[in-house]
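Welcome to this short briefing on charged pairs and surface features. Take a look at the sequence and the model first.

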Amino acid sequence: MIDLQKLQKEIFENKIAKGFNTTDVNLEFGLTYGELAEAFDAYRKKLPDLGEELADVVIYLLGLSAILNINLEEEILKKVEKNKKREYKKINGVMKRTKDV
């Protein structure tokens, strides 16, 4: 299993070492969005680099989380547990949340 907290630290240290953005949160959100758009484009066009593009999305998310001092590993684990407890029902062909714990 990957240690996301360690990886998050490595990604942030690489951003510093390479002179990439580590302070402009708005820019980082925009760049992350751009990476997601590139991944979607690779999927839509059936390009062979889809996996690499998805990896870029995760790298940007981990970097953004580091900038914001958010332990993304911890947040993901909490969210997975929360989602397990939610209940959904298909209503008029659309999944609707019926119970939120």
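Is Glu 13 buried, exposed or partly exposed? Glu 13 is partly exposed, at 42% relative accessibility, where buried means under 20% relative accessible area, exposed over 50% and partly exposed in between (1.4 Å probe, protein chains only). This is a predicted model, in which local features need pLDDT of at least 70 and side-chain atom pairs count only at pLDDT 80 or more, while totals for chains, interfaces and linings use all residues. Residues are numbered from 1 along each chain as its sequence is written, and side-chain values use heavy atoms, with hydrogens and water left out.

**Salt bridges**
- The count is 8 salt bridges, each a side-chain nitrogen of Lys or Arg within 4 Å of a carboxyl oxygen of Asp or Glu.
- One of them joins Lys 9 and Glu 13 (3.9 Å, N to O); the two are 4 residues apart in helix H1 (residues 4-18), about one helical turn.
- Another links Glu 28 and Lys 15 at 2.7 Å, N to O; Glu 28 lies in helix H2 and Lys 15 in helix H1, so the pair ties together parts 13 residues apart in sequence.
- Both ends of that pair are buried: Glu 28 at 1% and Lys 15 at 8% relative accessible area.

**Around Arg 86**
- Arg 86 sits in the loop between helix H4 (72-85) and strand E1 (87-91), and is buried at 13% relative accessibility.
- Leaving aside residues up to four places away in sequence, Arg 86 touches Lys 79, Arg 97, Lys 99 and Asp 100, a contact being heavy atoms within 4.5 Å.
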